[in-house]
Amino acid sequence: ICSSRGFSENEFDRLIDSVVFLTPNQAIKEGLIDTLGRWTDADNIIEQFSGRNLSTISSPKLLKNALPFQKWGFKPKIAVVYALGECAMDEGIHARWLDRIFRKLEKDHEVKAVVFRVDSPGGDGMASDVVAQAVRECRKKKPVIVTQGQVAGSGGYWISVYGSRILAAPNTITGSIGVIGGWVYDKGFSDKLGMTSDFVKRGAHADLGYGIGMAGLRLPSRNLDKQEQKRVEEIILEYYENFIGIVAEGRNMAPEKVKSIAQGRFYSGLDGRQNGLIDNIGNLLDALEEAEKAAGLKPGDEIEIIQYPENKGLINLEGIVRQAESPVEASSVYRYLKMVSDHPAEPLPMMIPGTYPEIDQ
């Protein structure tokens, strides 16, 4: 690392032993990384570094463009996209998959509007950011009407915020603009089970997060020390300010106004309409009607509704919602603890158990 990044050994030790955790902006400042970007920015970044446009094309798209066009016309389409469960990259709302879907719909000229169904108590901040930015880009090309289900809190509200309009039911739990962080560690539990572990480390904080795993949870062998805890608190507060800024931008509100209704407070749909978190009270069918109007379609126009994931019925979501395999995994407490253990000491826009209904039952 010292050779490739031009560090002295003393500078390297300073980063490891004193700085401890780095935000992306700090990593740039310290010279650890060169630029910031999501994977959707990869083509532009490659072009900046290489001076050439090296964008790719998939094999299915190449084949589609090579075949003769057989149809004379299309019905205008409205896409219904579902985000159900905790905000995670490859489970729950399946953020990676949602990102691909919104990027696809953004470029599909046959799709005139998108209805985004959100039912999530939040979770991983990266997953929330990925989906929110995909919605934001799609909204630049066509209306995106968000319809919130039982709960759209924390990360669930984050992924809603860039919608052209947001609808919720009267009793929807919405808002919870806040960030939480946790550190679940092994306080003698492994000793009671007769389990031991050993390690060798170099660096004052190299053992951070090291430990055994049990019941699907990663358990670090020790608690945070004072320096580490202070750094985690600083990052959580910085993350919270970022969340405030995203809501302010998405809802066209002053940051101070957002702060006055934030701090993790959650609201019913009715209260959310009063304080500007949502635009109107309505259900999924109401959102479809708003999408038609926003797309400039006339009453009585024949349209085609396409759904992601594809299914046999409007509310048949088998295949995207992971069914719990045991009563333990079915509990919101377990899912919360697993999210914290999978992202130790990281800021999580997620509501705590007991404040939201069991959305997958």
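**Exercise 1. Is Phe116 buried or exposed, and which ring does Phe116 face?**

*Basis.* The model is predicted, so that local features need pLDDT of at least 70 and side-chain atom pairs count only at pLDDT 80 or more, while totals for chains, interfaces and linings use all residues. Residues are numbered from 1 along each chain as its sequence is written, and side-chain values use heavy atoms, with hydrogens and water left out.

*Step 1.* Apply the accessibility classes, in which buried means under 20% relative accessible area, exposed over 50% and partly exposed in between, with a 1.4 Å probe and protein chains only. Phe116 has 0% relative accessibility and therefore counts as buried.

*Step 2.* Apply the ring rule, by which rings of Phe, Tyr and Trp (its six-membered ring) pair if their centres lie within 6.5 Å, with planes under 30 degrees apart counted as stacked, over 60 as edge-to-face and the rest as tilted. The count by this rule comes to four aromatic pairs. In one of them, the ring centres of Phe102 and Phe116 are 5.0 Å apart and the planes stand at 85°, so this pair is edge-to-face.

*Step 3.* Phe102 belongs to helix α6 and Phe116 to strand β2 (residues 111-120), and the pair links distant parts of the chain, 14 residues apart. Phe102 is buried as well, with a relative accessible area of 0%.

**Exercise 2. Describe the second largest pocket and the elements that line it**.

*Step 1.* Work on a 1 Å grid over the protein atoms alone, where a cavity is a set of points at which a 1.4 Å probe fits but cannot get out, whereas a pocket is an open set with protein on both sides within 12 Å along at least five of seven lines; lining residues have an atom within 4 Å of a point. Grid points are joined across faces, edges and corners, and a volume is the space filled by probe spheres set on the points.

*Step 2.* The second largest pocket has a volume of about 1,100 Å³. It is lined by 27 residues, of which Thr23, Pro24, Gly125, Met126 and Tyr239 are the closest to its centre. Two or more lining residues come from each of α3 (24-29), α7 (125-139) and α10 (226-251), and α10 gives the largest share, five residues.

*Step 3.* Sort the lining by class, counting Ala, Val, Leu, Ile, Met, Phe, Trp, Tyr, Cys and Pro as nonpolar, Asp, Glu, Lys and Arg as charged, and the others, Gly among them, as polar.

**Exercise 3. Which residues line the largest cavity?**

*Step 1.* The structure holds one cavity of 30 Å³ or more, and the volume of the largest cavity is about 30 Å³.

*Step 2.* Its lining is formed by Arg38, Trp39, Thr40, Asp99, Arg103 and Val130, a set that divides into two nonpolar, one polar and three charged residues.

**Exercise 4. Trace the strand pairing through Leu167**.

*Step 1.* Two strands pair if DSSP finds at least two bridges between them. Strands β3 (residues 144-153) and β4 (residues 165-168) run parallel and are joined by four bridges, and β4 also pairs in the parallel sense with β9 (residues 280-281), over two bridges.

*Step 2.* Leu167 in β4 is the bridge partner of Thr147, and Leu167 also stands opposite Asn280 in β9.

**Exercise 5. Where do the buried residues of helix α13 lie around its axis?**

*Step 1.* In α13 (residues 284-294) the buried residues are Leu284, Ala287, Leu288, Glu290 and Ala291. They cover an arc of only 165° (taken from the directions from the helix axis to the C-beta atoms), which puts them on the same side of α13.

*Step 2.* The exposed residues Leu285 and Lys293 are carried on the face of α13 turned away from its buried side.
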